[in-house]
Structure formats: structure tokens, C-alpha cells
Amino acid sequence: MSSVAAQQRRRTVAPAQAPASADGPRLSRKHREWLAAGLFLAPDVLGLLVFVAVPMVLSIGLSFFQVSGFGSYEWIGLGNYERMMNDPLFWDSMKITGLYVVILVPVLFCVSLGLGLLVKQKLPGVGVFRTALFLPYVISLVVVGVLWKFLLDEQTGVVNRAMRAAGFGGESWLGSPSLALGCVIAVMVWVMMGYYMIIFLAGLQEIPREFYEAARIDGAGPWTTFRTITWPLLRPTSFFVLLMSTVAAITGGLDLIFVLTNGGPANGTSLAIFYIYQQAFGFGEYGYASAMGSFLVLIMVLISAVIFKLTRGGRFDDGE
């Protein structure tokens, strides 16, 4: 009896051994996080490879060939790049693009920042105001071009009718080389300002409210508050807007230019991206267009590097 009771006591006291796992070694928490991050990033990485990286590499390769409209390829080495260097129309389009970027980016930056500061205020109907400002961004640029071409028409346009009704003479907004580029810039600001307004608004809402309350207690005015609190803490957002708007100005706007002015008058709005499009799909010069496109991408990368250098990657003049 005593031996039976001792065995029972040993059974109840001895800890039960966990069965061996049949699934093999488990991943650590760090490896699981890396795996989850990889799975989330995989669709974007695959999209970038398929729709950006591979076409870019193929375009660079195509720039060394003379391509006919019938699909024949002839190796010419740097011939397309030599032609580009001696093409006055291409360099004229680069000058127009430079002027376009130099005017568009600062104006768009200031307008978007001002609107972001405005819609941050608790005003009646501010939600409707935000939606109305953002709405042009979601409209197709083709539709925008048709709309503004109608509004700016010299004879029947609403803008000229309003000017004549106010006692002013009408203008040939899209027919004058001195006005057409300005109209394109104004339309692009109208389209893009809502998008960058939302980005600035997101950055402004990340600034702690306590900073503004402390500044108000210290008697700081609106300009002092903006200069000492808002602008320093908004620098990363400003860097993002500056970089993205510059890239968009260099590479975008093709469909708007095509509908609104078709590069005219007298090539006054023929941006580099529009000239490249003309050479590729208007004249079938795919190799030459690829060479110009590769050069334009190189210029864009260099400008982005300069922006990174001047702003210290979004820190601007911080001494960090």
C-alpha cells in the first residue's frame, strides 16, 4: 500500500513534459517583423520594378538604336545623343521647361502653404472649402484642359466676356507667346494646389497645440508664431512638397499641354516632355526620344540631389 501511495504522489508532483513541437524552430519576433514588412512592401516593389525600373532600363538601351516605324533596330551608339546636343528645338524646350519649373514650383509652394494655414482654422463650412479646393486634383487633366480652353477662348471665353463687361479689352490668352505659358502655369497651380494643401495641412496638424498656446501667453503675434514655431516644425513637410512638386513640374503636364495649347503658339509652351512625346509618337523617333528622356531623367536626379543637399534632407538650415 505504501509503495502504491508513493507512486501516486510522484505522479502528481512530477511536472508534465510538453510534447516536442512538430513544426520545427519558430521565427523570432524580429524575423517575423521583417517578413511582415517584406510582404507589405512586395506589391509596391514589384510595381516599381515592372512599371518603372524595367521600362527605364529598356529606354536607356533603346537610346543607342535608330528605330524605324516598322520595328527595325539599327545600332548607332551615341548618335542619338549627338543629335540631341545639336538640336536647337530640344534646347529651346529645355529653356521653357526651366522657366516653367522656376515659376511654378515657388508659386505652388506658397499658395498651397497659405491654403493649408487657412483651412487649418476652425471656420464655418471649412470641410466644404477643403473639398472644393481638392476637387480639381482628382479631375482628369484632359478634362481640365478642355474646360480652361473654353474659359480662355479669345472670342467666346468666359474670362474675356467678364473683362469686356468690366470695361477692359479681351486678351488672346492661349494665342500669345507671352501669355500662353503663364496660363498653363496658372492652370497647373489651380489643379495641384489642393493636393499639396492637404499635405501641408497634415504637417500642420502634427505640430503640438501646446507650442501655440505658450507663444500666445508670451504675447507672440501671428508672424512671430509662424517664423519661430510653424515653419521650423514644418520643414520635413516643406521638403517633401518642394521635391515632389519639382519632379511633377519636370515630368508632368503633358496631357494638359496637349489639350490646352498643343505646344504653341510658336512652341512657346513646348516643354521638354511634350517635345519628347512629339518625337516618339508624332514622328516615330523612338530611339531619339529615349535618348532625350534619359537625359531629362538625369537632369531630374541632379536637381533632386541639389534639393537634398541644400535642405539637408528636410532639415534646411538646422545645425544638427
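I take helices (H or I, at least four residues) and strands (E, at least two) as DSSP runs, numbered from the N terminus. I am working with a predicted model, in which local features need pLDDT of at least 70, side-chain atom pairs count only at pLDDT 80 or more, and totals for chains, interfaces and linings use all residues. Residues are numbered from 1 along each chain as its sequence is written, and side-chain values use heavy atoms, with hydrogens and water left out.

Entry: the loop between H12 and H13.
I looked up Ala266 and placed it in the loop between H12 and H13. Its phi is near 55°, a positive value in a residue other than glycine. Ala266 is exposed (over 50% relative accessible area; 1.4 Å probe, protein chains only), at 73%. I found Asn267 in the loop between H12 and H13, with a positive phi of about 60° although it is not a glycine. Pro265 lies between helix H12 (254-260) and helix H13 (272-282), and a cis peptide bond with omega of about -5° joins Gly264 to Pro265.

Entry: helix H10.
I checked the length of H10 (residues 222-233): its twelve residues, at 1.5 Å a residue, should span 16 Å, and the end C-alpha atoms are 15 Å apart, which agrees. The expected span is 1.5 Å times one less than the number of residues. I then listed Thr225, Phe226, Ile229 and Thr230 as buried in H10, that is, under 20% relative accessible area. Down the axis of H10, the buried residues fall within an arc of 125°, so they line one face of the helix; the arc is taken from the directions from the helix axis to the C-beta atoms.
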